[in-house]
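Visitor: Before we start, please take me through the terms used for this structure and say what each one rests on.

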Amino acid sequence: WFNNSRPYTIPITLLCWLVIYLYSIKQGGNSLYGIIAYTGIALVHLATNLADDYFDYRRLCKNSKELMSTKECKLKYIKEGKTTDKELLYVIILLLSIAAICAGILFFTSGHYVGILSVFALIIALSYSFLSSKGLGDIAVILAYGPLMFEGVYYVMCYKLSFEVFIISMAIVPFTVGLVYMNNLMDFDTDIQSGKKSLCCRIGDINLAAKGLLLIYIFGYSMFILYAVITHKYFFLLPVITIPMAIIVYKLVQTYYRKDNKQSDDVFVNFIYNRYKKLLQTKTGDFYLRLFLARNLMIFVSLTFILALIIYY
């Protein structure tokens, strides 16, 4: 179950949490409450990934042809009969129940706002597949991994909300959204076939949709600049050193649907292909190469912000 809940996305949740956790500690926050919050957040994240599979399967199984036409890696463990949708539902309920216990503890230690934030988190988790099918999945991610997580962790640790925390969340979250958007870009054909209307599908043109990823990254870097300017904390411009990596990720997205996607005159892109040659030899290598690079970009952005946080304080 852990493998199927896509644990390779855990660093995203961990680093988003770590950014606001360390910031809150520097503001005198309660470290234990922050750890309890992360436990609940991580469980909801894994449950959301599985719930997305559950609802996708329930929708696709109505048409066996559509189900089998999906990418080999998509819903593989269900299609091969290693589990059933009923068992999958039980695991989702279990994960959310444990997360609810964490929320209950924080409700009594930090205040009633925890209950409100937890309800919003649960709604997003259970409705993510539906929202994604309507082109609203990226907005759900912005809310969940941006203000909801950052203000939530800050609140349980420091017992208040903060506009500065909101700005930080809007600087970090675009790189998390970029990972989800990247996944939707590469699922473009499959989603069109299954009738799923992600934001990329609603844009309609894959080349135009790819440019959306560039806009997401530009917004994230712009928020770092805004945060540094309004707070006069210029150490927090450090994440902009990851811009070259964002450019490489964008270039690789542009080549995904080309038949000669492994051919390029770009030195850096070719370096990436050579570095991950073994991965590219697998059937799903092109998919996971881009997904992992988008994930790594988010990781480096978070780590550079954390480094700036340590330097500043």
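**Terms and their grounds**

Guide: Tyr21 has a relative accessible area of 10%, and buried means under 20%, so Tyr21 is buried. The model is a predicted one.

Visitor: Why is Trp17 called buried?

Guide: The relative accessible area of Trp17 is 8%. The limit for buried is under 20%, so Trp17 is buried.

Visitor: How do you know that Trp17 and Tyr21 are separated by about one helical turn?

Guide: Trp17 and Tyr21 are 4 residues apart in helix H1, residues 10-26. That is why their separation is given as about one helical turn.

Visitor: What makes the pair of Tyr312 and Tyr313 edge-to-face?

Guide: Their ring centres are 4.9 Å apart and their planes stand at 85°. Rings pair if their centres lie within 6.5 Å, and planes over 60 degrees apart count as edge-to-face. The pair is therefore edge-to-face.

Visitor: Are Tyr312 and Tyr313 buried, exposed or partly exposed?

Guide: Tyr312 has 36% relative accessibility, and Tyr313 has a relative accessible area of 37%.

Visitor: Which residues touch the most other members of the largest nonpolar core?

Guide: They are Phe150, Ile172 and Tyr217, in a core of 93 residues. Helix H8 gives the largest share of this core, 15 residues. Leaving aside residues up to four places away in sequence, Tyr217 touches Pro174, Phe175, Gly178, Ala246, Val249, Ala294 and Leu297.

Visitor: Which residues make the nonpolar surface patch?

Guide: Phe163, Phe166, Ile225, Leu226, Val229, Ile230 and Tyr234 make a patch of about 660 Å². Helix H8 (163-186) and helix H11 (206-231) are the elements that give two or more residues to the patch. H11 gives the most, with 4 residues.

Visitor: What makes Leu226 partly exposed?

Guide: Leu226, in helix H11, has 35% relative accessibility. Patch residues need over 30%.

Visitor: Where is His232, and why does it count as exposed?

Guide: His232 lies in the loop between H11 and helix H12 (243-255). Its relative accessibility is 59% and exposed means over 50%, so His232 counts as exposed. Phi of His232 is near 60°, a positive value in a residue other than glycine.

Visitor: What is the phi of Tyr159, and where is this residue found?

Guide: Tyr159 is not a glycine, yet its phi is positive, about 65°. Tyr159 is found in the loop between helix H7 (137-158) and H8. With a relative accessible area of 45%, against limits of 20% and 50%, Tyr159 is therefore partly exposed.

Visitor: How many helices and strands does the protein have?

Guide: There are 15 helices and 0 strands. Of the 313 residues in the protein, 53% are buried.

Terms used
Residues are numbered from 1 along each chain as its sequence is written. This is a predicted model: local features need pLDDT of at least 70, side-chain atom pairs count only at pLDDT 80 or more; totals for chains, interfaces and linings use all residues. Side-chain values use heavy atoms; hydrogens and water are left out. Patches are made of residues with over 30% relative accessible area and no salt bridge: like charges are joined within 9 Å, nonpolar side chains (Val, Leu, Ile, Met, Phe, Trp, Tyr) within 5 Å. Accessible areas come from the Shrake-Rupley method with a 1.4 Å probe; for residues, only the protein chains shown count as cover. A salt bridge is a side-chain nitrogen of Lys or Arg within 4 Å of a carboxyl oxygen of Asp or Glu. Buried means under 20% relative accessible area, exposed over 50%, partly exposed in between (1.4 Å probe, protein chains only). Rings of Phe, Tyr and Trp (its six-membered ring) pair if their centres lie within 6.5 Å; planes under 30 degrees apart count as stacked, over 60 as edge-to-face and the rest as tilted. A nonpolar core is a set of buried Ala, Val, Leu, Ile, Met, Phe, Trp, Tyr and Cys residues joined through side-chain atoms within 4.5 Å. Contact means heavy atoms within 4.5 Å.
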